[in-house]
Amino acid sequence: EWRQLTKLKSTYTDALQSAINPETKRVHTSYSLVGAQTGRLSSTDPNLQNIPIRTPIGRQIRQAFVAKPGHVLLAADYSQIELRLAAHIANVGTLKDAFAKGEDIHARTAVEIFGELNRDTRGKAKTINFAILYGISRWGLANRLGVDPEEAQAMIDTYFSRFPGIQQYIHETLETVRIQGYSETLFGRKTWFPRINSKNHVERQGSERAAINAPIQGTSADIIKRAMARVIPALRKHGLNEVDMLLQVHDELVFELPERDVPSASQIIIDVMARAASPSVHLTVPLVIDIGTGDTWESAH
């Protein structure tokens with residue numbers, strides 16, 4: 001507990017206060033377009049993309065990010081975008097059907113794998129859904145779920161039997177990257193993997209895991225950057241001149257705006273983000289955006 005609190009203090013409460021700009025009285029981050037292999041923007045000096053959200057005490061840090069008087073913060077988050085893109089890219093009919101119907105995808109996966117739905121099976125299904133996309137091994141999955149490797153392998157086998165398109169996607173992606181040395185997002189942006197054929201199995205397996213995920217996470221990064229380029233002009237076109245985009249945190253955009261503008265701005269932001277792939281790419285799954293508002297960044301979730 002002492003280590004956790006010490007890290008929160010040194011990394012966030014102390015560091016963020018020292019980063020306050022004396023003129024604006026605000027913290028300003030810097031974004032790099034080339035800081036992350038996947039194409040995501042990376043935040044530095046200070047890094048505002050790793051502000052804790054998983055623990056109650058970590059979330060208290062987000063309470064320090066407040067809107068100016070008369071304004072609120074609005075967080076617009078792509079819901080399960082990587083799973084949706086995986087369903088599209090791998091052409092998994094079961095998952096595409098579930099997303100089209102607005103179903104709880106983790107609940108659907110729980111039923112497919114375990115044959116029943118409860119809190120335990122849904123939690124395991126959620127872990128499996130994301131772990132598979134990161135090329136996890138049976139030992140890695142066993143460690144996450146607290147089961148033995150044989151049981152974890154059985155879950156992976158069942159997952160692939162229920163969603164064969166995912167296994168085919170993984171196989172074809174690895175074969176392609178081994179031959180040409182790179183993967184591509186749906187928009188044609190390349191990610192190179194020079195160690196994909198390394199004789200060092202640690203290097204090779206690391207490259208394989210990254211190669212499986214790169215087209216999915218990379219496409220997600222492309223989509224949100226397209227949304228960022230379009231959203232402010234769209235807001236200005238509708239006379240919403242006091243809405244400012246403050247942050248991009250992976251699949252989330254954070255805005256500051258007068259409270260009166262929340263209804264109209266929310267609809268425009270949702271529309272721009274949902275259509276961001278068009279017209280270059282036609283997705284066969286809907287992109288869903290969750291909106292939250294509040295006086296602080298923490299309360300906007």
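Tutor: Happy to. Axes here are lines fitted to C-alpha atoms, for helices over the stretch in contact, and angles between N-to-C directions run from 0 to 180 degrees. Helices (H or I, at least four residues) and strands (E, at least two) are DSSP runs numbered from the N terminus. The model is predicted, so local features need pLDDT of at least 70 and side-chain atom pairs pLDDT 80 or more, while totals for chains, interfaces and linings use all residues. Residues are numbered from 1 along each chain, and side-chain values use heavy atoms without hydrogens or water.

Let's begin with helices α6 (residues 119-133) and α7 (residues 138-145), whose axes lie 11 Å apart and meet at an angle of about 150°. α6 and α7 are therefore roughly antiparallel (over 145 degrees; under 35 is roughly parallel, 65 to 115 roughly perpendicular, the rest oblique). On the α6 side, K124, T127, I128 and A131 make the contact, and on the α7 side L141, R144 and L145 do so; contact means heavy atoms within 4.5 Å.

The buried residues of α5 are I105, H106, A107, R108, T109, A110 and I113. Their cover includes α3 (81-89), α4 (93-100), α6 and α8 (149-162).

Now for the part that ties several elements together, helix α10. Helix α9 (residues 164-180) packs on α10 at an angle of about 110°, the two axes being 9 Å apart. That makes α9 roughly perpendicular to α10. From α9 the contact takes in Y169, I170, T173, L174, V177 and R178, and from α10 it takes in E208, A211, I212, P215 and I216.

α10 itself spans residues 201-237 and lies across β3 (71-78), β6 and β7, running at about 170° to β6. These strands belong to an open sheet of 4 strands with the order β6-β7-β3-β8 and antiparallel pairing (two strands pair if DSSP finds at least two bridges between them). Its edge strands, each pairing on one side only, are β6 (244-249) and β8 (289-294). On average, neighbouring strands of the sheet are turned by 20° against each other, direction ignored.

Within the sheet, strand β7 (residues 252-258) pairs with β6 through 5 antiparallel bridges, and L247 faces V254 across that pair. On the β3 side, 7 bridges hold β3 and β7 in the antiparallel sense, with H71 opposite P258. β7 is mostly covered, as 7 of its 7 residues are buried. β6 and β7 form a hairpin with 2 residues between them, and H250 sits in the turn. H250 is not a glycine, yet its phi is positive at about 60°; at 28% relative accessibility, H250 counts as partly exposed.

Q80, in the loop between β3 and α3, has a positive phi of about 50° although it is not a glycine. With 24% relative accessibility, Q80 counts as partly exposed.

Back on α10, have a look at R230, which is found in this helix. R230 counts as partly exposed, at 31% relative accessibility. R230 and M273 are 43 residues apart in sequence, and their C-alpha atoms are 8.7 Å apart in space. Setting aside neighbours within four places in sequence, R230 is in contact with V272, R275, A276, S278 and P279.

Another cis peptide bond joins D45 and P46, with omega about -5°. P46 lies in the loop between β2 (42-44) and α2 (56-62).

Terms used
Buried < 20%, exposed > 50% of the residue type's maximum accessible area, 1.4 Å probe, protein only.
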